[in-house]
Amino acid sequence: MINYNVDSDGIATITWDMPDRSMNVLNEASMTAFAEAMQKAIKDAAVKGVILASGKADFIAGADLDMLLNVDTSDATALMEQFSQLQRLFRAIETGGKPWVAAINGTALGGGLEICLACHYRIAADNPKAKIGQPEVKIGLLPGGGGTQRIPRLIGVMNAAPILLEGKELKVQEAKGLGLIHEVVPPGELLARAKAWLVAPGTEKVAPTWTKGVQLDARAVQPWDRPGFKVPGFPGGQVWSPVGVQTFIGGNAMIAGKTWGVYPAPKAIMSCVYEGLNVPFDTGLKIETRYFVSLLRDPVAKSMIRTLFFGLQEANKLARRPQGVPKQEYRKIGVLGAGLMGAGIANVSARAGLEVVLLDRDQASADKGKAHCQADVEKDAGRGRLTKEQAAEIVARIKPTADYGDLKGCQLVIEAVFENRDVKAEATKKAEAVLGSDAIFASNTSTLPITGLAEASVRPANFIGLHFFSPVEKMPLVEIIVGAKTSQETLARSLDYVQKIRKTPIVVNDSRGFFTSRVCGAYISEGHRMLKEGIPAAMIENCARMAGMPVGPLALNDEVAIDLSYKIMDQTRRDAEAAGQKFEGSGTEDVLELMVKKLERFGRKNGKGFYEYPSDGKKRLWPGLKEHFRERADLAHGEGPEKREVADEIEKRLLYVQAVDTARCLEANVLTDPRDGDIGSIMGLGFAPQTGGAISLIDQVGVSKFVTECDALAQKYGQQFAVPQMLRNMADKGESFYGQASKAKAA
Amino acid sequence: MTDAYIYDAVRTPRGKGRKDGSLHEVTPTRLAVTALQAIRDRSNLDTALVDDVVLGCVMPIGEQGANIARTAAVMAGYSETVAGVQVNRFCASGLEATNMAAAQVMSGQSQAVIGGGVESMSRVPMGSDGGSWPVDPAVAIPMYFVPQGISADLVATKYGFSRDDVDAYAIESQKRAKNAWDKGYFKKSVVAVKDQNGVEILNHDEHMRPQTTMQSLASLEPSFKMHGEVMPGFDAVALQRYPEVEKINHVHHAGNSSGIVDGASAILLGNREFGEKAGLKPRARIRAFASIGSEPTIMLTGPAPASEKALKRAGMSVNDIDLYELNEAFAAVVLRYMQKLGIPHDKMNVNGGAIAMGHPLGATGAMILGTLLDEMERRGLGTGLATLCIGAGMGTATIIERV
């Protein structure tokens, strides 16, 4: 696991090479082994210096998240002790009296970078794939191995900020430019260069803080342990300098503003830096550990790790793929409809190396779709993300046409035509006429039930829903909808396609609105309901952001188009009437009718929605809203603290209305796994990531408490908060979603 | 309870708080000494009768540090038995010092105390003392810290004051201040600052711009727009505390906000017995005073609840007050106060305020109390209320009545 070797010049090389893993990670076993090797190197008088190296393609990928996810957080004192050990271990490297060099051959992230920072010198191989950074903040944590203390002391607070607070990953050359790495050398020379630095005779001696005046080879002493050390960037190295004070005042505002107060980690990181730079280095490490433990004990970190790391990883590995179906290799696909969605699908497919037939009703429309792809690809080429050749190849893979005959040989055809059953049925028939018998036909419908659409198909077993999100290039999710007759083989092969184009799939069963559109609708409707209640539109939108949503429900409705919401509602109503059923609306149909029928405000598409879109500036809420939805005076003009309670309730409603609907999807078997609900809500709807997703939210609150709160909300605001029986049963039995899931996994 | 009376009030003129301001060459200790000597000499006061000197100072570091009140009392040549204490209630420090002085008298623990304040903003700039409130992430973020200018713009946005409204208010302040100076209304209390040879350095408020017009103000860029909207983006912080606001309308600028100036003030308070001993006639009685805390992000709405609290204690209502002084930290602060309490503009800051004459932070409270008393006497009115908005969300108010 950790190889230890001393050469004839007295240079010890400690090589990380964990068996049965493609990447080195920090966990209990590896840390124990490393600690042993480290002690050996420090104690052995024959050892003059130490090289820290990796036997893998990369250096160290970071801490083992499995360990962090499963750590017992009940005892803060025990956690404090556990994670102080890591600090002591790293601190022992830099206070052992011998120079250490980190030979960074590839990616060094999180704890993997922190161990390098504890070395006195850092040499990186010129590896363009290597990523250097502290990504902890992205999963609700902070660098707990000294990163918040060493990085600002090394490169200053301003330079450290994007690395620590945003988890920005650096290329080795960037890291060198900032002073995080001392040297970048050709990969083949890495170890030789590390050794050369160690065996060169030391020229300078200093008395570090920890030897009480005894002088040492300066190469074995970190900057912060040298007498007179000053934090770079601050005059005199002082936090309490004018520059230091302004840095923190501005930084605090930026964190609060950018995160809308949602995430605990950036605040904790900022505090580690501020408090740590006011005290000696060792005290700073202690402060860092205290904040690290506080984040670990906050449910946000565990929720984020579970969904955004493990959940995402499983989804991308096609955890939901039926077994026993050979993997489908894709070469050629067809896309029907060259509008924004169709062109986007063609674009991402061509970028993944597939031949794409992009078909529309006439050549000009098809060409327009291809032009969209071309512009997008060329933009990336202009930014240096693609070479000119790559860009040209991608564009050449897309064949725009109006001739269904060109679909011949396509292994998969995705229709993205007008959201109308007849139009879709016609497209299905025309395509199937030229497709091979094993080709898959997929619909990109966002709301129409797949089983119904499949009636137009001659082979409904090969008919499936592939619901992309707009803009396709940016949105990472594809919602796969399994119709009543869709075969498991078709599902498996469709998953292969989603993986090929590097999107994240979730699998849902057929139902009106499936999962994402339905929950999105519930969110928007709640926004409409709040408007009707007299809550100022700005308050609805701002509270949504404070709840962690990327956009408020009114802004979202403007984006998806209010007239589309109206049409979907209208279609649902007609379908219910046609089937002789009672239409179960949201109770906010009048808002859609007012906006669409009376005011002709369709959203961003006609420049008139809940917002207005002045050509000369930023969008702003339409002032006319106040005439149609009278604002509650206590909220619009009041100044008392009671407003805070209203805001808290608004935040809660906007999240709970989606969470309870997601739970209903589980009960109705639209979703079959809570993880799909979590991944789908975050990746498809931008649902508050700090919760870990719409289902994790329920676990975070506690099922029983969630039920009680929803009951109260249902009484006050309506049936959109009605709790499914499944949740009540879970509450009665004291169950949770992930308690069950992990139990099932263990069994 | 013993009554506390005001026997006299003085202030220095206000010099521009910049390197080219007339009082920049004068140390803050000297400014405070000027006020303390003036109040002694005008009344022929035996300072051995004074128990304490309470001075407000908002940046009590550097040459304003180490308890400037005690230093100034000694340097003013007061009896060495006179104690000194410096207090910091941010912008209301001068009034708070006066209230604390009054409280000592009212409680019977002192017979005479001087309240007042000093601030040389040109020599010890705002922000010099740091503080965890804006700087420490564990404090600034949960407190939704924004600078006062953002708060003032939030007041304007939330309570509907346009750029024209605040600019018009500023012009009226300039006009009223000019009129008061021209007619000599401030003469009674302003004592010139002189050098060691007795040569006058400054004898008038030099920050005033009576020529200001709506047009000249219109050319000024809002001061807090960039900090609010771009770097570092304080508006987004304020909106989280005030989510009902879509966008902050940045209306304040140097022309409709208080001026940065240097100056000092002193008020002599005592019980009736002291007046008899010193041969002085009381000018007014302290009727009530109060300080309150209010929401810290909007920060500047404290004067109304502070006034209401003091009025209640005095058994009075808004209409029982003949004249008001509210420090003109920002135009919207005064507009909101008048809107909230229903006070007509002709009872409010009748001789102008800090927009015209400046706001020497630690000294202002006692300055406007003195201004109020002078004007009550000139007009023959009975009651007055002085109040200030305060950083971090507070308000202090004092009600006086003539005797």
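This report walks through a predicted two-chain model, from the overall build of chain A to its contacts and a few local spots.

Residues are numbered from 1 along each chain as written, and chains are lettered from A in the order in which they are written. Since the model is predicted, local features need pLDDT of at least 70 and side-chain atom pairs count only at pLDDT 80 or more, while totals for chains, interfaces and linings use all residues.

**Chain A overall**

Chain A holds 31 helices and 20 strands; these are DSSP runs numbered from the N terminus, helices being H or I with at least four residues and strands E with at least two. Its radius of gyration is 29 Å, close to the 27 Å from the globule rule for 747 residues, so chain A is as compact as a globular protein of that length. Here the radius is taken over C-alpha atoms, and the rule is 2.2 Å times the number of residues to the power 0.38. Along the principal axes, the C-alpha atoms of chain A fill a box of roughly 90 × 65 × 60 Å. Of the contacts in chain A with a separation of 6 or more, 71% join residues 24 or more positions apart; a contact means backbone-placed C-beta atoms within 7 Å.

**Domains and the partner chain**

Chain A splits into domain 1 (2–297), domain 2 (332–511) and domain 3 (517–746), with bounds from an automatic or database domain assignment. The centres of domains 2 and 3 of chain A, over C-alpha atoms, are 29 Å apart. Between them, 12 residues of domain 2 of chain A touch 12 residues of domain 3 of chain A. On the domain 2 side, β17 (477–482) and β18 (504–509) of chain A are the elements giving two or more residues, and β18(A) has the largest share with five.

Chain A also meets chain B, with 29 residues of chain A in contact with 24 of chain B. Elements supplying at least two residues each on the chain A side include α9 (242–259), α10 (264–277) and α20 (537–547) of chain A. The most, 10 residues, come from α9(A).

The table sorts contact residues by class: Ala, Val, Leu, Ile, Met, Phe, Trp, Tyr, Cys and Pro are nonpolar, Asp, Glu, Lys and Arg charged, and the others, Gly among them, polar.

| Side of domain 2 of chain A that touches domain 3 of chain A | six residues | five residues | one residue |

**Local spots**

Helices α27 (674–685) and α28 (694–701) of chain A have axes that come within 6 Å and cross at roughly 110°. α27(A) and α28(A) are therefore roughly perpendicular. Among the contact residues are A:Pro674 and A:Gly677 of α27(A), and A:Ile695 of α28(A).

A:Thr572 sits in helix α22 (562–578) of chain A and is partly exposed, with 18 other C-beta atoms within 10 Å.

In chain B, helix α2 (68–75) has buried residues B:Ile68, B:Ala69, B:Thr71, B:Ala72 and B:Ala73. Their cover includes α1 (28–42) and β3 (52–56) of chain B. Just after α2(B), B:Gly77 takes a positive phi of about 85°.

Notes. Axes are lines fitted to C-alpha atoms, for helices over the stretch in contact, and angles run from 0 to 180 degrees between N-to-C directions. Angles under 35 degrees count as roughly parallel, over 145 as roughly antiparallel, 65 to 115 as roughly perpendicular and the rest as oblique. A residue is buried if 20 or more other C-beta atoms lie within 10 Å of its own, exposed if 12 or fewer, and partly exposed in between; C-beta atoms are placed from the backbone.
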